[in-house]
Amino acid sequence: GTTSSAFTFPDLVVNNASGVTFEKDANVNGTLTLTNGLVNIGNNNFTLGAASTIAGTPSASSMIVATGSGKVQKLWTGTGSFTFPVGDNTAIAEYSPVTLTFTSGTFNNAVTGVNLVNAAFNDPSITGSYLKRYWNITQSGISGFVCNAVYQYSMADVVGTETNIASIQVLPAPITAFAMANVASHQLITSGLTALGTFTGGPGYHMFHLTAFLEGPLNGSNAMNTTLNANHLIPLSQPYNNGKSWSYSGNENVGTIPAEVVDWILVEVRQAPSADLATSSTIMARRAGFIKSDGTIVDLDGTSPLNIGRPLINKPLFVVVRHRNHLSIMSSNALPPDANGIYNYDFSTALTQAYGSGNGYKPVGSTFAMVAGDADKDGSIYVSDYNNWAVNFGKTGVYEDFDIDMDGAGFVSDYSEWANNYGKELNGGTLLKSAKLNAVTDKSEVSAPLYISSVPK
């Protein structure tokens, strides 16, 4: 059937295999029963009252087709949940409902609206694995709200690997990623929304599960000491923007340092055809996180893989790990994502895991570790690093680069670490040096390390 004028229905039952087309706006104040047939609203709004409910058996053969500029709207007087029985009939009929649950907010003449598009959202960063479907969600009259949303999709919407798809909000920009798709139920979930917009499935935040060891605090049993943490010496803000190294301006900070954290760490992600071409000009993202006693590198919560955001990936990825008094290392192999879309790399399993292998990376006990002693962060271990320690000898309760073994003090143990590694330089030479670090190094200052035999700690 076809209606040619605006209608307000106390209740409405749709039971017509040929469907119903609305050529004007329509309102249902009571129960909408979807038994059989498609409700086509085109460019018109179909509004359900604050007390409206959905009955029947919504499905691909019994739903509201909302792919024009018109919206399926719902009035609200307060918190609650409602499922919009929407879908498309673009090539074949597909049911893709949206459930909105408002857990808080102030409601004043409140209304939400939903329509959808059976196509991929046009954004160059949405590549690889994504959905060929997106939903537009609007609201008016609701302030200070928190909303959870669930979006149903079909396997016909999936491009690539479903397990690599996350729920993402594409508008308003910038793109925000939420949880990975629930592949068992083919649903996207966005929790804790404080603004509505356009949602789809696509690449989530790029997560890196990395493992590395620092030689300085390594205690010989494949674990590092957490003395700086235990003595509350680690700063609450990342220390790599202090003008002394790598010009990193990130604002990572925490209220408390998580348990088992050894120190802050800086990770660079580079994309290049091969490791030898992964120069500083190929850096796509940098982020400071924490390195824990077991060598895992984690995000600010102390447990999650490192999150670098959503930069566009179009080449193989290599990671550089930097620390404030150790030589930097880079992965010798590209990092593929696992089934959950997380990039994994373990530097501790072999010397060859680090690009260039043996000079700026070394075996320590039964594992492998970043070389300690680069206290001035110039990419080499020579006299200027010793000078940094010597002029500060005897200081305690400190968080400083001259504390090479990272016990909060400047004593002979730090000198020993430096002396054992005297003359070592970055694996790959200038490949791991920034423009700042490509300045003249200090190796011409002396031909052999100094020796201290009897300075007590």
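1. Start with helix α2, residues 383–390. Its buried residues (under 20% relative accessible area, with exposed over 50% and partly exposed in between, using a 1.4 Å probe on protein chains only) are Val 383, Ser 384, Asp 385, Tyr 386 and Trp 389. Helix α3 (412–420) is among what covers them. Helices here are DSSP runs of H or I with at least four residues, strands are E runs of at least two, and both are numbered from the N terminus.

2. Keep in mind that this is a predicted model, where local features need pLDDT of at least 70 and side-chain atom pairs count only at pLDDT 80 or more, while totals for chains, interfaces and linings use all residues. Residue numbers run from 1 along each chain as its sequence is written, and side-chain values use heavy atoms, with hydrogens and water left out.

3. On confidence: mean pLDDT (the predictor's confidence in each residue, from 0 to 100) is 90 for the protein, and 92% of its residues reach 70 or more. Over residues 435–457, though, pLDDT is below 50; that stretch still has 44 contacts (heavy atoms within 4.5 Å) in the model beyond near neighbours in sequence.

4. Strands β30 (361–364) and β31 (367–370) pair in the antiparallel sense over 4 bridges; pairing takes at least two bridges found by DSSP. Tyr 361 sits opposite Met 370 in β31. There are 2 residues between the strands, and Gly 365 in this hairpin takes a positive phi near 65 degrees.

5. Glu 252 is worth a stop. You'll find Glu 252 in the loop between α1 (227–230) and β23 (261–271), and it counts as buried because its relative accessibility is 6%. A polar atom of the Glu 252 side chain lies 3.0 Å from the backbone nitrogen of Ala 288. Leaving out neighbours within four places in sequence, the contacts of Glu 252 include Leu 236, Trp 264, Arg 287 and Leu 300.

6. Leu 317 belongs to strand β27, residues 317–323. With 2% relative accessibility, Leu 317 counts as buried. Not counting residues up to four places away in sequence, Leu 317 touches several residues, including Phe 208, Val 269, Met 284, Leu 335 and Tyr 343. Leu 233 is 84 residues from Leu 317 along the chain, and their C-alpha atoms are separated by 34 Å.

Terms used:
A polar contact is a pair of N or O atoms within 3.5 Å; within protein, one must be able to donate a hydrogen and the other to accept it, and residues adjacent in sequence count only if both atoms are side-chain atoms.
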